[in-house]
Amino acid sequence: MSKQAITLTVNGVVRQALVEPNQTLTSLLRDELGLTGTKHGCGVGDCGCCTVILDGETVNSCLVLALQAQGREVLTIEGLASGGELHPLQRAFVDAGAIQCGFCTPGMILSAKALLDVIPQPSREEITKGLSGNLCRCTGYEKIVEAVSDAAAKMSEA
Ligand code: FES
Ligand code: FES
């Protein structure tokens, strides 16, 4: 199968790549663009560690073809910090001890960002529901929920 050229915007930067027809968005980000913050886990849409934000909506990038990203905007974990400062969600995850191995963390934080973009002050139930597609095998989730709640509080003060 021959590769096809695509153009997309990743973390605010226009990028071009040659992709295989069956190549996933996870593979495009990690293998072609060097953005290894997006993790490859189950590969079948179950774990959420490959979550990115595509045109404002979270997607499991393992279930999206790279070709489907043509002309679209992708936000990965590498695009969250700005001006050398961690995003409040990233800071809150560190401060709350919500990161152990870290494998789930990029996807968790992007799902949390998408949640806070829609519900800036979510309840505990709304946080739990918003993160329900993201699995963590280390933390037991309590610290993660706490981190998202802390970040929401800090962001509302800003
Ligand atoms: S790697 Fe995509 S959902 Fe698990
Ligand atoms: S911190 Fe290890 S999977 Fe979540």
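Me: Among contacts in the protein between residues at least 6 apart in sequence, what percentage join residues at least 24 apart?
Reply: One caution to begin with: the model is predicted. A contact here means heavy atoms within 4.5 Å. In the protein, 53% of the contacts between residues at least 6 apart in sequence join residues at least 24 apart.

Me: How many helices and strands does the protein have?
Reply: Count the elements, then read their order. There are 5 helices and 5 strands. Starting at the N terminus, the order is β-β-α-β-β-β-α-α-α-α.

Me: Why does the radius of gyration of the protein agree with a compact globule?
Reply: Set the value against what the chain length predicts. For 158 residues, a compact globule would come out near 15 Å; the protein has 16 Å, so the two agree. For the extents, take the principal axes: the C-alpha atoms fill a box of roughly 50 × 30 × 25 Å.

Me: What share of the residues is buried?
Reply: Buried means under 20% relative accessible area. By that cut-off, 43% of the 158 residues are buried. Then look at the surface. Its accessible area is about 8,100 Å², and carbon and sulfur atoms hold 50% of that.

Me: Now the strands. How many bridges join β1 to β2, and do they run parallel or antiparallel?
Reply: Check direction, bridge count and partners. Strand β1 covers residues 4–10 and strand β2 residues 13–19; they run antiparallel, with 7 bridges. One pairing to find in the viewer: L8 has R15 in β2 as its bridge partner. The two strands form a hairpin with 2 residues between them. In that turn, N11 has a positive phi of about 55 degrees.

Me: Which strand does β1 join in parallel?
Reply: That is β5, residues 73–75, joined to β1 by 2 bridges.

Notes
Residues are numbered from 1 along each chain as its sequence is written. Chains are lettered from A and ligands numbered from 1 in the order in which they are written. This is a predicted model: local features need pLDDT of at least 70, side-chain atom pairs count only at pLDDT 80 or more; totals for chains, interfaces and linings use all residues. Side-chain values use heavy atoms; hydrogens and water are left out. Helices (H or I, at least four residues) and strands (E, at least two) are DSSP runs, numbered from the N terminus. The radius of gyration is taken over C-alpha atoms; the globule rule is 2.2 Å times the number of residues to the power 0.38. Buried means under 20% relative accessible area, exposed over 50%, partly exposed in between (1.4 Å probe, protein chains only). Accessible areas come from the Shrake-Rupley method with a 1.4 Å probe; for residues, only the protein chains shown count as cover. Two strands pair if DSSP finds at least two bridges between them.
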